Amino acid sequence: MSESSERRRFERLPKPYRLEVSAFRFPLAGQKRVEAHCRDISAGGVKMSCSLHFEAGEKILVKVFIPSLNKFHPGYLKVFESDEGQYLQAIAEVMWAEQSGAGEHMLGVRFVDVDQDDWKALENLLRKMLNEREEG
């Protein structure tokens with residue numbers, strides 16, 4: 001799927017979620033993990049700024065920390081739950097990368113492997129936010 005078709009399929013929302021990013025190479029535990037910053041997110045991927053350099057086509061491991069994500073999981077039943085530690089983890093493909101400043105890189109990544117329930121929760125959350133934005 002090209003970046004342009006991904007943009008048509010999934011509407012993006014600007015959200016400042018905290019991310020952790022590392023190269024998707026084995027051994028996974030041996031890869032440097034860095035914090036990155038979400039610029040916008042969709043059910044198909046994320047645009048971020050990151051201190052690590054990646055090339056288009058590379059696979060990376062992305063962890064997106066999203067408060068209240070669990071409330072949007074299919075079959076969610078818990079009444080009390082902490083927003084801490086809620087995240088979506090995905091293997092993603094770098095679709096484009098560009099230098100954006102002193103040691104920072106802007107990346108556009110497409111999710112290629114995500115837990116189905118986590119992906120559905122992200123889709124449900126974003127749908128709710130989009131509806132609220134249109135109504136407000």
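How many nonpolar, polar and charged residues are in the lining of the largest pocket? The lining has seven nonpolar, one polar and three charged residues.

## Basis

This is a predicted model, in which local features need pLDDT of at least 70, side-chain atom pairs count only at pLDDT 80 or more, and totals for chains, interfaces and linings use all residues. Residues are numbered from 1 along each chain as its sequence is written, and side-chain values use heavy atoms, with hydrogens and water left out.

## Largest pocket

Five lining residues, the largest share, come from strand 6 (strands are DSSP runs of E, at least two residues; helices are runs of H or I, at least four; both are numbered from the N terminus). Nonpolar here covers Ala, Val, Leu, Ile, Met, Phe, Trp, Tyr, Cys and Pro; charged covers Asp, Glu, Lys and Arg; the others, Gly among them, are polar.

## Helix 2

Helix 2 spans residues 116-135, 20 residues in total.

## Met129

Met129 lies in helix 2 and is buried, because its relative accessible area is 19%. Not counting residues up to four places away in sequence, Met129 touches Leu13, Lys15 and Tyr17 (contact means heavy atoms within 4.5 Å). Met129 and Leu13 are 116 residues apart in sequence, yet their C-alpha atoms are 8.4 Å apart in space.

Note on methods
The expected span of a helix is 1.5 Å times one less than its number of residues. Buried means under 20% relative accessible area, exposed over 50%, partly exposed in between (1.4 Å probe, protein chains only).
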